[in-house]
Each structure stands twice: as structure tokens, then as C-alpha cells.
Amino acid sequence: MIRVLLADDEAMIRAGVRAILATDSDIEVVAEASDGREAVELARSHRPDVALLDIRMPRLDGLSAVPEIRRAVPDTAVLMLTTFGEDEYIARALGDGAAGFLLKAGDPRELLAGVRAAADGGAYLSPPVARRVITELNRGRLSRGAEARARVDTLTGREREVLALVGTGLSNAQIARRLHLVEGTVKAYVSAIFTRLGVRNRVQAAILAYEAGLVGEDGP
């Protein structure tokens, strides 16, 4: 069972999201918050697998809640849920450790896919957000490519292979099946990759893999 914390200051939005999540028998909303401060407190007490946070909330906004939840409950993946798609919000949320970014106006199937991916240790960006991220990467890819390749060159061949698959959005279990490894071994590789590259989550690792040329828009 995937345990979810839902935080949004609009009760009707929470009800709608909860109804969508309820269509999946493997997902359970264990707590609801109406502001960011309450979301942090509930994350500490319930320790959910996934926290779904709206960006604009009273007391503490969702963006500010991301690093607090990540510090307090490192095993809780955080997904941003918003009607806003400004690039600065995307960059800040992902930079602070969010596992993905979902738009409220998106397909309900994206919400379910995002929650499942985050709970499985993966990352998820709704297609409109992914397009903006790729566009931004393309603008500065040449200038950042050399630095990214230099960082990736410090990895072993197997670590680069794992990083490339992380870059495609695969979970540890999926990578293990692809490489015929034990999932625990893949988890150890991913942890070592994060440490050596100085990244905090799979989204940051995927961006670095993309900039280094390990993975393109269509996969490795």
C-alpha cells in the first residue's frame, strides 16, 4: 500500500485529488493538510511514502515545505501539485529535492503514475513540465555539457550505466531487472552515484545524465 499525504488549502481540490487516488486500490491517503506547516507536521507523524504538495498555501508554501519534509522524513518522496508552471517554481522545487512536478490540469492518469513512480524511488514530471525542462536544458547544454561529462567521468562504467537508466526515469527495481542485478545492489549503486556527483535526488541525477550525453530525449 502506498501511503500518501495530501496538502492543499482548497478543500474541493483535496477532495478531487483524493477521489482520483481512490481509484487505485494500492494507494491510500493517510493524512490531509490545509497549509504547508501542517503538511510538515503530518509528514513527521505519519511518515507517508509520498507527500503531494500544492505550491501556494498559507503559513508555509509548498516550495518552502519541500526541504523541511526532506530533512525531517528523508524516506518520504515529495511531489509538487499545482496549477502554475513557471520555470522558477520548477527549478526551485526540483533543486530542493522534490521527486516530481504535476499540474492540476493534467490527465488524472499522470497523478497516479507520478505517485507510483515516486513511491518506487523514481521521479516523474508531467509532460508539459518535462518539455519546459528539456527546452531549458537545450538552451544551456553546450556550456554545461563539458562540466557534466567531467563529473560523470569520475564514475565507474557500471555506475555510468546505472546513471543512464536513472536518467530515463526507471526505478531501482526496473534497473535491477534491466541489468540482471539484485535490487539492493542497484540501490547501493544509486546511493554511491548521488554521493560522488553531489546530487540529492533522482531528478538532479537525471538532468546531469542528460547534460553529460548519457541519455537523450528518447532514452540512452
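Select helix H5, residues 108–119, in this predicted model. Its 12 residues reach 17 Å from the first C-alpha to the last, close to the 16 Å expected at 1.5 Å a residue. Show its side chains next: Glu110, Leu111, Leu112, Gly114, Val115, Ala117 and Ala118 are the buried residues of H5. Residues three or four places apart on an α-helix point the same way, because there are 3.6 residues a turn. Step past the end of H5 to Gly121, which has a positive phi near 90°.

H5 lies across S1, S2, S3, S4, S5 (100–103) and S6, and its direction makes an angle of about 135° with S3. Colour those strands: they form an open sheet of six, in the order S2-S1-S3-S4-S5-S6, with parallel pairing. Strands S2 (27–33) and S6 (124–125) are at the edges with a single partner strand each, so one side of each has no neighbour in the sheet.

Zoom in on S1 (residues 2–7) and S3 (residues 50–54), a parallel pair joined by four bridges. Pick Ala7 to find one end of a bridge; its partner in S3 is Leu53.

Then select helix H1, residues 11–21. H1 lies across S1, S2, S3 and S4 (77–82), running at about 165° to S2.

The last stops are charged pairs. The model has 11 salt bridges in total.

Which residue pairs with Arg116? Select Asp24: the two side chains meet in a salt bridge at 3.0 Å, N to O. Arg116 is in helix H5 and Asp24 in the loop between H1 and S2, so this pair ties together parts 92 residues apart in sequence. Arg116 is partly exposed at 35% relative accessibility, whereas Asp24 is buried at 12%.

Move to Arg59 and Asp35, whose closest N and O atoms are 3.4 Å apart in a salt bridge. Arg59 sits in the loop between S3 and H3 (62–72) and Asp35 in the loop between S2 and H2 (36–46), so the pair links parts 24 residues apart in sequence. Arg59 is exposed, at 63% relative accessibility, while Asp35 is buried, at 8%.

Finally, select Arg109 and Asp107, which form a salt bridge at 2.7 Å, N to O. Arg109 is exposed at 63% and Asp107 partly exposed at 28%.

Methods
Residues are numbered from 1 along each chain as its sequence is written. This is a predicted model: local features need pLDDT of at least 70, side-chain atom pairs count only at pLDDT 80 or more; totals for chains, interfaces and linings use all residues. Side-chain values use heavy atoms; hydrogens and water are left out. Two strands pair if DSSP finds at least two bridges between them. Helices (H or I, at least four residues) and strands (E, at least two) are DSSP runs, numbered from the N terminus. Contact means heavy atoms within 4.5 Å. Axes are lines fitted to C-alpha atoms, for helices over the stretch in contact, and angles run from 0 to 180 degrees between N-to-C directions. The expected span of a helix is 1.5 Å times one less than its number of residues. Buried means under 20% relative accessible area, exposed over 50%, partly exposed in between (1.4 Å probe, protein chains only). A salt bridge is a side-chain nitrogen of Lys or Arg within 4 Å of a carboxyl oxygen of Asp or Glu.
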